[in-house]
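Take a moment with the model before reading on. The walk below begins at a single residue and then moves out to the whole chain.

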Amino acid sequence: MKVAIAGYGVVGSGVAEMLIKNRETIAQAIGQDICLEYVVDIREVDLPEDVELTDDIDRVLGDPDVKVLFETIGGARIAYEYTQKALSRGIGVITSNKELVATRGDELRELARQKGAWYLCEAAVCGGVPVLRPLKTDLAGNRILHLNGIVNGSTNFLLTRMEETRMTFNAALAEAKSLGYLEADPTADVDGLDARRKLAILANAAFGARLSDDRLIPTTGIGRVTQRDLHAARLMGGALKLIAHARRTEEGWTGWVHPSFVPDGHPLVGVRDVFNGLCVNGDCVGDVMFYGQGAGRLPTASALIGDLVELARNLDRPVSCDVLPVVPFVAPDEEPVRAVIRVEGDVLPLCEAIPVEDVRSDGPLNAVLTTDMPLKELKERIGIVRRMGSELGVPLIGLC
Ligand code: HSE
């Protein structure tokens, strides 16, 4: 079976390396040999022997032996065009492109269904950690009730470095860049957009959410997080993490991406560096946790090759239907939450405006744990305290 890779960057070249390195293992898993025939890229890139470099996607897709296109371009422009062309010809597409899946995935899946082609995206969420297939197969008989995840590796690296070395956000950012963990433009990671896209894809697998409801998910990144916010979380007996949260509700599903307080002892508190972790709760299975490398060349390639194995094993069968995208997103305004809030100086104004359960102090820095209240009400009360002149940190939604 011939395959092609479009986009020969970190991930695309990882797929090529894995196809060659593990050729026999993959052939055994599938029952036939896989031949990487083409790489589509406009750059002059070094390729393994016998692989043809071209910038002509139509020629590649016109080769009747090409059954699969790995789309590792990223972005939603050229990647969209190539994906649409491939699916229209009935060629399967395997992608790590969370932006494209979250923004145009509903439409592309519909096209795939009409053309009897596969469109798979395990690598788009949590890199090398299998999460989508387990949700759609092994856990498919459960009603998934809620999930919490650390789904962005680079921001988790930044927070880990800030926590462990006490360096500033900007110093951690510079280090992450020098190690190649951040995109040239790290905005999507730092502002939480990357995590939001992954949450939309997870909610699709878990609840049958519309992928494009991605844009409705309230999202706060870690750009305003300081050492003192991390210190407040430590004082309260836990750590600050960027958490993607989703919960099934009576009307649909709800969720957010937000800096959060994860108490010591919670399974996600030990998820460090570029690792990802996802805790899922199903009505019959109870708690399940997934953990591993959420980014990087070969871990991400591993997920793409996993999709290849599924696709190749089922090439002659009807395309398996994804969960029908009918479950609506409901704004989390009424979701009961508690938060850890950093208060500099006098805590009284805050304690008068917000019922609190615990206050811990280290000099002028106080960490306050609120009682449960609807998210909207919590935000309103925090706004009042801020307007009264109190200096508050980023509120951390509690996983407790
Ligand atoms: N920028 C992403 C992350 C890459 O840091 O998680 C993997 O999706």
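Start at Glu391, which sits in strand E17 (residues 391-392). The model is a predicted one, so every value here is computed from its atoms. How accessible is Glu391? Its relative accessibility is 49%. Because exposed means over 50% and buried means under 20%, Glu391 counts as partly exposed.

Now look at what surrounds this strand residue. Leaving aside residues up to four places away in sequence, Glu391 touches Arg342, Val343 and Glu344.

The domain assignment gives domain 3 as 332-398. Domain 2 covers 132-294. Domain 1 is written in two pieces, 2-128 and 298-313. How far apart are the C-alpha centres of domain 1 and domain 3? They lie 47 Å apart.

Next, go to Val326. Its place is the loop between helix H12 (297-313) and strand E12 (336-337). Val326 counts as exposed, at 60% relative accessibility. Phe207 is 119 residues away along the chain. Even so, the C-alpha atoms of Val326 and Phe207 are separated by 9.0 Å.

Arg166 is found in the loop between helix H7 (153-165) and helix H8 (169-178). At 49% relative accessibility, this arginine is partly exposed. Asp50 also has a positive phi, near 65°, and it too is a residue other than glycine. Its loop runs between E2 and E3. Asp50 counts as exposed, with 72% relative accessibility.

Stay in that loop and turn to Asp41. Asp41 lies between strand E2 (35-40) and strand E3 (52-54). Is Asp41 buried or exposed? Its relative accessible area is 9%. The cut-off for buried is under 20%, so Asp41 is buried. Its contacts, not counting residues up to four places away in sequence, are Gly7, Tyr8, Leu53, Thr54 and Asp55.

Now step back to the whole chain. The protein chain has 14 helices and 18 strands. Its C-alpha atoms fill a box of roughly 70 × 45 × 35 Å along the principal axes. Why call the overall size that of a compact globule? With 400 residues, such a globule would have a radius of gyration near 21 Å, and the chain has 22 Å, which agrees.

Contacts and surface complete the picture. Take contacts between residues at least 6 apart in sequence: 70% of them join residues at least 24 apart. Of the 400 residues, 55% count as buried. The chain exposes about 16,800 Å², and carbon and sulfur atoms supply 50% of that area.

The chain carries 43 positive and 57 negative charges. How far apart are their mean positions? The separation is 2 Å.

Definitions and conventions
Residues are numbered from 1 along each chain as its sequence is written. This is a predicted model: local features need pLDDT of at least 70, side-chain atom pairs count only at pLDDT 80 or more; totals for chains, interfaces and linings use all residues. Side-chain values use heavy atoms; hydrogens and water are left out. Helices (H or I, at least four residues) and strands (E, at least two) are DSSP runs, numbered from the N terminus. The radius of gyration is taken over C-alpha atoms; the globule rule is 2.2 Å times the number of residues to the power 0.38. Buried means under 20% relative accessible area, exposed over 50%, partly exposed in between (1.4 Å probe, protein chains only). Contact means heavy atoms within 4.5 Å. Accessible areas come from the Shrake-Rupley method with a 1.4 Å probe; for residues, only the protein chains shown count as cover. Lys and Arg count as positive and Asp and Glu as negative; His and the chain ends are not counted. The place of a charge is taken as NZ of Lys, CZ of Arg, CG of Asp or CD of Glu. Domain bounds come from an automatic or database domain assignment.
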